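Please open the model in a viewer and keep the sequence at hand.

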Amino acid sequence: MPSAPAPLCLDAQPTEDLVVLALKGVGSQHAGLNGSTEWLHRALSFREFVCLSRTSDRLLSVVIGESFLQQVQLPKEVEVHRDWAVLRLDKTALEQTAKLGALATLSSTLQDAGLDPRAVSTLDSEHVLLRTRQLRTAAAALLRAGHAIRPARRMCTPLPQGLIRKSERCHDFAGAWRLVRRERSGGLAVQEFSGDEGPVRLQAACGLFAEVCVAPIGVVPSDAIVAEASYAGCVEVTKGVASPSGTTATARHRIVDFQPPSGDAPHAALSLDGQLFCESGLPDARYRETWARLHPSQEVVALELVSETPNRGARRQGCWVFCGSHFARVVGLSIGQGLVSGTCCGSLRQLQRLHGEGAIRAELTKHYEAMFGCVERPGLLRVKRQAWASVLESREEIFYDATSAIGGRITLPDKSGEDLVHSFPDGSEQRWRVLDWDFDPFSPSGAASVGGPLGLPT
């Protein structure tokens, strides 16, 4: 039985869309080129991707970045075809057999997805041209086949402008939740969770959420890394997506993820049934999750990480959400940064095959944090579960104690619009933007607050 093709990593180049410039009747020695040929000379010196070809029937085609149109005045005979994109495969690091079969592998995968790719080959690379609107379909097909695409920012659904802000759009679903049951369509691959073993999700009325899903203690290190699946982001209520009666259609945008991005912000239908919260994937209920409330209160505190000092060399984002006596905090590299968040891939294990287990583990343990804990009293936060516990052999610990200064010092904003500042014992600092503030979990008195003196609910 033949072995499966080795996974390939493609580059989505350039970061802008391409245009195809077509001119008919062009022969040798510039015959058929009426007027200036300056635009052609400038095209050949364009700093990004450019491909020039002429067919036997004298059709000249130039594939180039859309920004080139702002640099030249094209002759009126040149036709402009917009909205193209290219995926590039660097063949220099591939084995000889993989080089020979790479284009056939990619073309077959894309054609099976109903696409019509156009190929441009060189000695050291393959370029696959697609319409821009087909990029996400192509990405989904390539990821299913085990390949990867970077940079992720080019492939991922962008976060809607202004989505992360104070609002009440998700008030009904605000609170602390634990996953009880997860199943795929048709009742396949059912998972049930009890007690403290399953994922927990804390979600604010503004839509900000943090979901903590850590590897269990005792798992071997190689499996523990790929089992870490915490993520955080913001929920968008999507009015243009059909969902069953009595449900709310949403898109869950991930801004930090321990797993590589898939490209899409998954859509889901949300509904409440007493103390249960149900989430069904759209379309066709391809998965269904049931969540149970951890705490009856819907009062929350929601914080978004906006900056860190000193500079870590790569920008991190994060969400920190409190509800009742629980908190969840997830921090990591933003989409497009590093190997994990910068590469669209079907799984972390697949990404390890491409870049090596050591490189992936080093990046995750250095830049990514996830913890779920409890507010034992205002000003005292204790970690119950956290990422890398199975690898670093860490257990429950105090994350912050305002009285003894364990965990540094947290300074509340004096007025609305200012940042909360967390100063750590090593001198580093994080600034958090306040989005929801229904109580104060940081002050021993529980009295100081943004927008009014609200104590911690009992």
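Two strands are said to pair if DSSP finds at least two bridges between them. This definition will be needed at the hairpin visited below. The model under view is a predicted one.

**The whole chain**

Begin with the entire protein chain displayed as a cartoon. Its secondary structure comes to 8 helices and 26 strands, and the C-alpha trace spans about 85 × 55 × 50 Å along its principal axes. Of the 458 residues, 51% count as buried. Among contacts between residues at least 6 apart in sequence, 62% join residues at least 24 apart.

Next, colour the chain by pLDDT. The average is 89, and 92% of the residues score at least 70. Select residues 447-458: over this stretch the pLDDT is below 50, and the stretch has 28 contacts in the model beyond near neighbours in sequence. Where pLDDT is low, the predicted coordinates should not be read in detail.

**Strand 3 and Val63**

Select Val63, which is located in strand 3 (residues 59-65). Is Val63 buried or exposed? Val63 is buried, because its relative accessible area is 7%, and the cut-off for a buried residue is under 20%. Now display what surrounds this side chain. Leaving aside neighbours within four places in sequence, Val63 is in contact with Leu18, Val19, Val20, Phe49, Val50, Cys51 and Leu129. The C-alpha atoms of Val63 and Val20 are separated by 4.5 Å, although the two residues are 43 apart along the chain.

**Helix 3**

Move to helix 3 (residues 135-144) and show its side chains. Leu135, Ala138, Ala139, Ala141, Leu142 and Leu143 are buried there. An α-helix has 3.6 residues a turn, so residues three or four places apart point the same way. Which elements cover the buried residues of helix 3? The cover includes strand 4 (79-90), helix 2 (96-112), strand 6 (125-131), strand 7 (148-150), helix 4 and strand 20 (344-345). Just after helix 3, select Gly146, which takes a positive phi of about 95°.

**Aromatic rings and charges**

Show the aromatic side chains; the structure holds 15 aromatic pairs. Select Phe173 and Phe277, which form a tilted pair with 5.6 Å centre to centre and 45° between the planes. This pair links distant parts of the chain: Phe173 lies in the loop between helix 4 (152-155) and strand 8 (175-184), and Phe277 lies in strand 15 (residues 276-282), 104 residues apart. Both Phe173 and Phe277 are buried.

Two arginines may be selected next. Arg201 lies over the face of Trp291, at 4.3 Å from the ring centre. Arg252 has its charged end over the ring of Phe209, 4.6 Å from the centre of that ring.

Then select Trp320, Phe322, Phe327, Phe399, Tyr400, Trp432, Trp437 and Phe442 together: ring pairs link these residues into a cluster.

Return to the cartoon for an open sheet of 9 strands, whose order is 23-22-21-19-18-17-26-25-24, with antiparallel pairing. The edge strands, each pairing on one side only, are strand 23 (397-401) and strand 24 (409-411). On average, neighbouring strands of this sheet are turned by 25° against each other, direction ignored. Strands of a sheet pair through backbone hydrogen bonds, either parallel or antiparallel.

Within the sheet, select strand 17 (residues 300-309) and strand 18 (residues 316-323). These strands run antiparallel and are joined by 5 bridges; Glu304 stands opposite Cys319 in strand 18. Helix 7 (residues 357-367) packs on the sheet, touching strand 18, strand 19 (326-333) and strand 21 (369-377). The direction of helix 7 makes about 130° with that of strand 19.

**The hairpin**

Finally, select strand 25 (residues 419-423), which is mostly covered: 4 of its 5 residues are buried. Strand 24 pairs with strand 25 in the antiparallel sense over 3 bridges, and Arg409 has Ser423 in strand 25 as its bridge partner. Strand 25 also pairs with strand 26 (residues 429-437), in the antiparallel sense over 5 bridges. Asp419 stands opposite Arg433 in strand 26. The hairpin of strand 25 and strand 26 has 5 residues between the strands, and Gly427 in this hairpin takes a positive phi near 95°.

Note on methods: Residues are numbered from 1 along each chain as its sequence is written. This is a predicted model: local features need pLDDT of at least 70, side-chain atom pairs count only at pLDDT 80 or more; totals for chains, interfaces and linings use all residues. Side-chain values use heavy atoms; hydrogens and water are left out. Helices (H or I, at least four residues) and strands (E, at least two) are DSSP runs, numbered from the N terminus. Axes are lines fitted to C-alpha atoms, for helices over the stretch in contact, and angles run from 0 to 180 degrees between N-to-C directions. Contact means heavy atoms within 4.5 Å. Rings of Phe, Tyr and Trp (its six-membered ring) pair if their centres lie within 6.5 Å; planes under 30 degrees apart count as stacked, over 60 as edge-to-face and the rest as tilted. Buried means under 20% relative accessible area, exposed over 50%, partly exposed in between (1.4 Å probe, protein chains only). A charge sits over a ring if NZ of Lys or CZ of Arg is within 6 Å of the ring centre and within 35 degrees of the ring normal. pLDDT is the predictor's confidence in each residue, from 0 to 100.
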